[in-house]
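Subject: Structure for you to look at

Hello,

Here is the structure I said I would pass on. My notes on what was found in it come after it.

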Amino acid sequence: MSRQSNRATDSKKMNSELFTLTYGALVTQLCKDYENDEEVNKQLDKMGYNIGVRLIEDFLARSSVGRCHDFRETADVIAKVAFKMYLGVTPSVTNWSPAGDEFSLILESNPLVDFVELPDNHSNLVYSSLLCGVLRGALEMVQMAVDVRFAQDTLRGDSVTEIRMKFIKRIEENLPAGDE
Amino acid sequence: MEVRFTRGKSAILERSLTRPKTEVSVSAFALLFSEMVQYCQSRVYSVSELQARLADMGQGVGASLLDVLVMREKNGKRETKVLNILLFIKVNVWKALFGKEADKLEQAILTHSGFPAKVTVHWHKGTTLMIKFDEAVIARDKSLDGR
């Protein structure tokens, strides 16, 4: 059954409510398990990284995008194709640094945080840390090391959500040790 | 802090309850869910504990969902009969969830509607959900019908 329906599940969409609620349940569970917000942030980032590593394959299989030639192209693909495909929103790419190695993704709406607000005792929690991990993990699988962090967050009172992405270096292909 | 209290809270509470327009891809959800399962798996040592942890996470989801759905579909009237709540789950909840595997969600919805029940998942031909109601519920139902 799962072989045949590969095509059909290509563009299967679902309502974002369950997604939002599930993510909320995850963050709540993590907050209970770890005492401080920094730990939760790190944990979310790690989980995001694991997701990103697998998401990139799904992404490359479903979109017909080829190799990006430079960081600008990467930024466009992330914003216009990937975000649209997975989260149904299209962020805008702005604030390029003069060297062309850093840019911002501005999200007016973030499906992860619908109807969410941070209580006062968790003011250090970066609720959408998962997204940072996903972006980092996915790009690492295509040989790009990047640093991703949140510059602005609607949950902390800012008007938009801004994710800052910085290109660090190209990762060299490492052959597995046993291949010699 | 006073200002933040009123400004933050009322903004959220005043948003409309209609279905959000954004659609999320199924694979995004699948990836998130599998990551959650893995996380739980790394912290427990047995299958039943794993299921219990997932069920806990589902509790919160089910509770929130119940409120939203009841508000939207039925203008605030909640079900009191067993058959009706099952129908409600079957039609509305499944529609909202798009047929996702969610025994824990069902349990939470049932419990929060005042029907304490045990939901288990059986993999027979596909996934069937067995809902076992507590004795009290059956008795109550009988007495309601009698009236």
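**Helices and sheet**

Helix 4 of chain A lies across strand 4 and strand 5 of chain A, and runs at about 160° to strand 4. Please keep in mind that this is a predicted model.

The sheet comes next. Four strands of chain A form an open sheet, in the order 2-3-5-4, with antiparallel pairing. Its edge strands are strand 2 (92-94) and strand 4 (144-152), each of which pairs on one side only. From one strand to the next, the twist averages 30°. In general, strands of a sheet pair through backbone hydrogen bonds, either parallel or antiparallel. Strand 4 and strand 5 (residues 161-170) of chain A run antiparallel and are joined by eight bridges. A:Val146 stands opposite A:Phe167, which is in strand 5.

Helix 3 (residues 71-87) of chain A also lies across strands: strand 2, strand 3 (102-107), strand 4 and strand 5 of chain A. Helix 3 runs at about 15° to strand 3.

Now the helix pair. The axes of helix 2 (residues 37-62) and helix 4 (residues 129-140) of chain A come within 6 Å and cross at roughly 40°. That angle is why helix 2 counts as oblique to helix 4. The crossing of helix 2 past helix 4 is right-handed. Residues that make the contact include A:Leu44, A:Gly48 and A:Ile51 of helix 2, and A:Leu130, A:Gly133 and A:Arg136 of helix 4. By class, the contact has 11 nonpolar, six polar and three charged residues.

Regards

Definitions and conventions:
Residues are numbered from 1 along each chain as its sequence is written. Chains are lettered from A and ligands numbered from 1 in the order in which they are written. This is a predicted model: local features need pLDDT of at least 70, side-chain atom pairs count only at pLDDT 80 or more; totals for chains, interfaces and linings use all residues. Side-chain values use heavy atoms; hydrogens and water are left out. Axes are lines fitted to C-alpha atoms, for helices over the stretch in contact, and angles run from 0 to 180 degrees between N-to-C directions. Helices (H or I, at least four residues) and strands (E, at least two) are DSSP runs, numbered from the N terminus. Angles under 35 degrees count as roughly parallel, over 145 as roughly antiparallel, 65 to 115 as roughly perpendicular and the rest as oblique. A crossing is left-handed if the near helix is turned anticlockwise from the far one by less than a right angle, and right-handed if clockwise. Contact means heavy atoms within 4.5 Å. Ala, Val, Leu, Ile, Met, Phe, Trp, Tyr, Cys and Pro count as nonpolar, Asp, Glu, Lys and Arg as charged, and the others, Gly among them, as polar. Two strands pair if DSSP finds at least two bridges between them.
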